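Dear colleague,

I am handing over the structure below, and I would be grateful if you could look through it before reading my notes.

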Amino acid sequence: MDVFKRLYQYREFIKTNVKKDIRGKYKGSYLGVLWSFLNPLLQVVVYWIVFPYLLRGASIPNYLLYLVTGIVPWNYFITSVTGSTVAIKGNGPLLKKVYFPREILIISQILSGLVNFFISCLIVLLFAIITGAGISWHIVFVPLVALIQSLLSLGIGFICGSINVYIQDLENIVPFILNMAFYGTPILYSLEQFSSAGILAKLVSMNPLTTIIYSYRDIFLYHQVPNFTNLSLVFLLAFVLCIIGLLVFKKLEKGFAEQL
């Protein structure tokens, strides 16, 4: 409870930090926040053109929207995790000068990524209209799924951000792991295409991001209620991971100033 109390006391600082993260991301850019639209859009175009020839992805109905509903959430995940990994190290001078709850730096990364994600969701809605899938009332579940995803990213962010202060090789290892995880998540393909892959298919289906991305697809593409049983399991995992991450963070926090 003390953690929440302190975060509430520093709520204005959190808001300021989130705004700074969003503005800093596009600083010096002519298009600014429009890159929140363009980055996933360009990725979708590349995969839409190339991937069907590699794995016959075109056999998936409405493959274009299928791609969009996978890439947009995935981009939120990787930007949150990679940003959190370097958040403490990147704010070393600030940590030595001003006191504030250090976990705010990680939380700000998740929140700024969440803002960009909701902006990018406009692309998903646009493609839903263009491809003929349409929009249904099921979009009310998007904030719930995004909250679970944010909690999962926060737990990972706490762990990676605190460890990276001591082992700075981690900021180079994390992108490599995320790149592997990209292909271990059904973003470009469907689970059905790997149904005969044995243990590999099982591992992909157990990936928490598989549940999260399929939940977004249920909402935007298939117009149905997400699988709350699977989502509940991911929420439980994310909650436990968040508690563990916070404990690791608080344990390592004492040495941040000396290491930086």
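**A pair of helices and the chain around them**

Helices α4 and α7 are roughly parallel to each other (an angle under 35 degrees), because their axes cross at roughly 30°. This is a predicted model, in which local features need pLDDT of at least 70 and side-chain atom pairs count only at pLDDT 80 or more, while totals for chains, interfaces and linings use all residues. Residues are numbered from 1 along each chain as its sequence is written, and side-chain values use heavy atoms, with hydrogens and water left out.

Helix α4 covers residues 63-90 and α7 residues 142-166, and their axes, which are lines fitted to C-alpha atoms over the stretch in contact, come within 7 Å. In α4, the residues that meet α7 (contact being heavy atoms within 4.5 Å) include Pro73, Tyr76, Phe77 and Lys89, and among their counterparts in α7 are Ala146, Ile156, Cys160 and Val165. The residues of this contact divide into 10 nonpolar, 9 polar (Gly among them) and 1 charged (Asp, Glu, Lys and Arg count as such).

As for the chain as a whole, it has 12 helices and 0 strands, where helices are DSSP runs (H or I) of at least four residues and strands (E) of at least two. Of its 260 residues, 46% count as buried, meaning under 20% relative accessible area with a 1.4 Å probe. Among the contacts with a separation of 6 or more, 79% are accounted for by residues 24 or more positions apart.

Key: Axes fitted to C-alpha atoms, helices over the stretch in contact; angles between N-to-C directions. Parallel < 35°, antiparallel > 145°, perpendicular 65-115°, else oblique. Buried < 20%, exposed > 50% of the residue type's maximum accessible area, 1.4 Å probe, protein only.
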